[in-house]
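Trainee: Before I rely on the labels in this description, I would like to see how each one is reached.

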Amino acid sequence: MENIVGFFTPILICAIIFALNALLPGRWVTGYVIKPNSAEKMRYHLNGFTVFFILFLIWFLFGYFDIVPFDYLYNHRWYGLAGAFILGIVFTMGVVLPYAPVRKSFLTDLFLGRIENLQLWGGRVDAKMWLYLTGATMLGLNALSFTAHHYILFGDQASTGILISTVLIIYFVLDYLIFEEVHLYTYDLFAERIGFKLGWGCIVFYPYFYSIFLWATVDLPDPQTPVWLLAIYVLIFFVGWILARGANMQKYFFKRNPERVFLGIVPEVITDGNKTLLVNGFWGISRHINYLGEILMATGIILCTGYPTLIWPWLYPLYYVVLLFLRQRDDDKRCSLKYGELWKTYVKKVSYRIIPYIY
Ligand code: NDP
């Protein structure tokens with residue numbers, strides 16, 4: 001019986017997130033994506049931070065009053081993973097099958113999706129933003145629950161590194177939720193359709209794979225990582241964060257107001273009279289310095305757990321390397337088509353793709 005409940009737990013959490021996302025008040029913002037057959041931009045109802053906070057409160061209060069143990073999600077992680085897996089498949093089918101094919105191959109359609117955007121109740125719930133909110137919230141809850149398990153197991157012998165890595169992954173989640181609006185300007189929103197990759201990816205992969213470094217280390221004893229080494233790992237994380245957040249914010253402000261100065265950086269652009277590209281600040285270091293930032297953040301987080309010779313935690317930053325290096329190539333092709341000669345000028349001016357002076 002307990003395992004059946006464990007199986008349905010992520011499904012219940014996803015439903016609660018959906019209800020809170022739809023019912024709680026939120027900010028109505030205009031996005032970057034243009035509605036099909038129109039000049040109007042899409043509108044979004046954003047309240048991710050509040051939704052996460054309520055779920056966090058439920059987790060905390062249920063644990064505090066002994067209704068559900070703090071480490072419930074850890075104890076039922078395999079059943080929870082199975083439940084999320086099935087939900088991810090059902091969601092994918094539901095969001096792909098009713099729509100007209102866009103490619104010859106059914107499997108490619110299933111994987112990459114058919115519709116570009118799906119909104120309910122005039123944008124009160126946006127499928128993509130709900131998916132990201134669900135992934136981020138479930139990841140946060142998993143991280144808290146997994147770490148609670150470590151503390152229950154080891155008490156005052158618990159690892160400081162595990163605690164720091166959890167604080168950093170929660171910071172990563174909160175950072176996304178606080179800047180939710182900025183992500184309306186990202187590749188997934190304007191260039192991807194909703195299929196297995198996005199749907200199953202956010203419901204299953206995001207919360208269960210991104211927590212792999214905790215999954216693999218919370219039942220191990222404190223590796224006694226020296227404080228100075230932990231400080232270096234935290235520094236790696238924050239250098240990454242500055243690169244990723246800085247680049248995203250600079251581009252976000254530029255798209256909204258091309259004149260706006262960001263962190264003292266006056267936008268320097270190249271233009272063909274029609275389109276413009278930023279060529280200084282974060283966008284002058286490499287063409288995707290934000291991807292390097294994302295990889296450094298993940299590396300800092302997993303190193304904090306204190307088991308650098310264990311393969312499992314490394315899978316998290318390694319996955320980013322594969323995802324983001326491939327995505328940079330795709331984005332380069334897309335931008336080359338969209339910007340033509342202007343893109344060639346940008347590539348000449350900013351020649352490194354991701355890692356300055358290396359790649
Ligand atoms: P970017 O934010 O780098 O967006 C790329 C787009 O920005 C291009 O398609 C183009 O769009 C525009 N652009 C590119 N160069 C310039 C320039 N010089 N000046 C002005 N506009 C430019 O990539 P993503 O959307 O992929 O990523 C967004 C963030 O999300 C990143 O920080 C990334 O690391 C992060 N991310 C995180 C993941 C995670 O799992 N944690 C997964 C994937 C991404 P346009 O057509 O508008 O000009």
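Mentor: A polar contact is a pair of N or O atoms within 3.5 Å; within protein, one must be able to donate a hydrogen and the other to accept it, and residues adjacent in sequence count only if both atoms are side-chain atoms. This is a predicted model, in which local features need pLDDT of at least 70 and side-chain atom pairs count only at pLDDT 80 or more, while totals for chains, interfaces and linings use all residues. Residues are numbered from 1 along each chain as its sequence is written, and side-chain values use heavy atoms, with hydrogens and water left out.

Trainee: Why is arginine 245 called buried?

Mentor: Its relative accessibility is 7%, so arginine 245 counts as buried, the term for values under 20% relative accessible area (1.4 Å probe, protein chains only). The side chain of arginine 245 also makes a polar contact of 2.9 Å with that of aspartate 175.

Trainee: Why are α13 and α14 called roughly antiparallel?

Mentor: The axes of α13 (residues 289-304) and α14 (residues 311-339), which come within 8 Å, cross at roughly 175°. Angles over 145 degrees count as roughly antiparallel, and α13 and α14 are therefore given that label.

Notes:
Axes are lines fitted to C-alpha atoms, for helices over the stretch in contact, and angles run from 0 to 180 degrees between N-to-C directions. Helices (H or I, at least four residues) and strands (E, at least two) are DSSP runs, numbered from the N terminus. Angles under 35 degrees count as roughly parallel, over 145 as roughly antiparallel, 65 to 115 as roughly perpendicular and the rest as oblique. Buried means under 20% relative accessible area, exposed over 50%, partly exposed in between (1.4 Å probe, protein chains only).
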